[in-house]
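Thanks for coming. I will go through one model this morning, starting with the metal and then moving to the rings and the core.

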Amino acid sequence: MNRRAKMTAAKAEKMQQRLDAGLVSELFPKVTEIVISMQYSQTGVLEPLSRTVNFFPGSSAIFKVNCLCSECVESGFDFAKIITTMVKTHKTGSKGEISCENCSAPECLDVAYSVTIKYAHMR
Ligand SMILES: [Zn+2]
Ligand SMILES: [Zn+2]
């Protein structure tokens, strides 16, 4: 496959995944908002780069944050496990470090993250 065909295939697969995953509200009915924030410590740069991704009940339940690298088309930081565990235990906040699934660029390893989850008040 040439590069273009590869990119198109990757895109199609991503779209399929999006359809398969369903919505956040289907997966986690009690969740009203999920916020992922990440801090990339860039080597040689004083200000760390921060990035925030929000998920709402109507969002696709794909908790994957794309890598900053241009080489990483299909992979990235997978928060699915972290978020699933948090929702199961009804946790509202979690912090840690996460690495890209695929690349070994220093800025993509051990990126500091925090996840905040808001739940609907259920009685
Ligand atoms: Zn990377
Ligand atoms: Zn990567």
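First, the terms for the metal site. Four donors count as tetrahedral if all angles lie between 85 and 135 degrees; four count as square planar and six as octahedral if opposite donors are over 155 degrees apart and all others between 65 and 115; anything else is irregular. Donors themselves are N, O and S atoms within 2.8 Å of the metal (3.2 Å for Na, K and Ca), and water is not among the atoms, so sites may look incomplete.

Two sentences on conventions. This is a predicted model, in which local features need pLDDT of at least 70 and side-chain atom pairs count only at pLDDT 80 or more, while totals for chains, interfaces and linings use all residues. Residues are numbered from 1 along each chain as its sequence is written, chains are lettered from A and ligands numbered from 1 in the order in which they are written, and side-chain values use heavy atoms, with hydrogens and water left out.

Now the zinc ion (ligand 2). Which protein atoms are its donors? They are the SG atoms of Cys-67, Cys-72, Cys-100 and Cys-103, at 2.3 to 2.4 Å from the ion. The angles subtended by the 4 donor atoms run from 102 to 119 degrees, so the arrangement around the zinc ion (ligand 2) is tetrahedral. Along the sequence, the donor residues follow the spacing C-x4-C-x27-C-x2-C. Cys-72 and Cys-100 link distant parts of the chain: Cys-72 sits in the loop between β3 (64–66) and β4 (76–78), and Cys-100, 28 residues away, in the loop between β5 (93–98) and β6 (111–119). Helices (H or I, at least four residues) and strands (E, at least two) are DSSP runs, numbered from the N terminus.

Cys-67 bridges the zinc ion (ligand 2) and the zinc ion (ligand 1), and the two ions lie 2.9 Å apart.

Are these cysteines buried or exposed? Buried means under 20% relative accessible area, exposed over 50%, partly exposed in between (1.4 Å probe, protein chains only). Cys-72 has 13% relative accessibility, so it counts as buried; Cys-100 is buried at 7%, and Cys-103 at 15%.

Next, the rings. Rings of Phe, Tyr and Trp (its six-membered ring) pair if their centres lie within 6.5 Å; planes under 30 degrees apart count as stacked, over 60 as edge-to-face and the rest as tilted. A search of the whole structure gives 4 aromatic pairs. One of them is Phe-55 with Phe-63, edge-to-face, at 5.0 Å centre to centre and 75 degrees between the planes. Both of these residues are buried. Phe-79 and Tyr-113 have ring centres 5.2 Å apart and planes at 80 degrees, so this pair is edge-to-face. Phe-79 lies in the loop between β4 and α3 (80–88) and Tyr-113 in strand β6, so the pair ties together parts 34 residues apart in sequence.

Last, the core. A nonpolar core is a set of buried Ala, Val, Leu, Ile, Met, Phe, Trp, Tyr and Cys residues joined through side-chain atoms within 4.5 Å. The largest one has 30 residues, and those with the most contacts inside it are Met-38, Phe-77, Phe-79, Ile-83 and Val-115. At least two residues of this core come from each of β1 (31–40), α3 and β6. Contact means heavy atoms within 4.5 Å. Leaving aside neighbours within four places in sequence, Met-38 is in contact with residues including Val-65, Phe-77, Phe-79 and Tyr-113.
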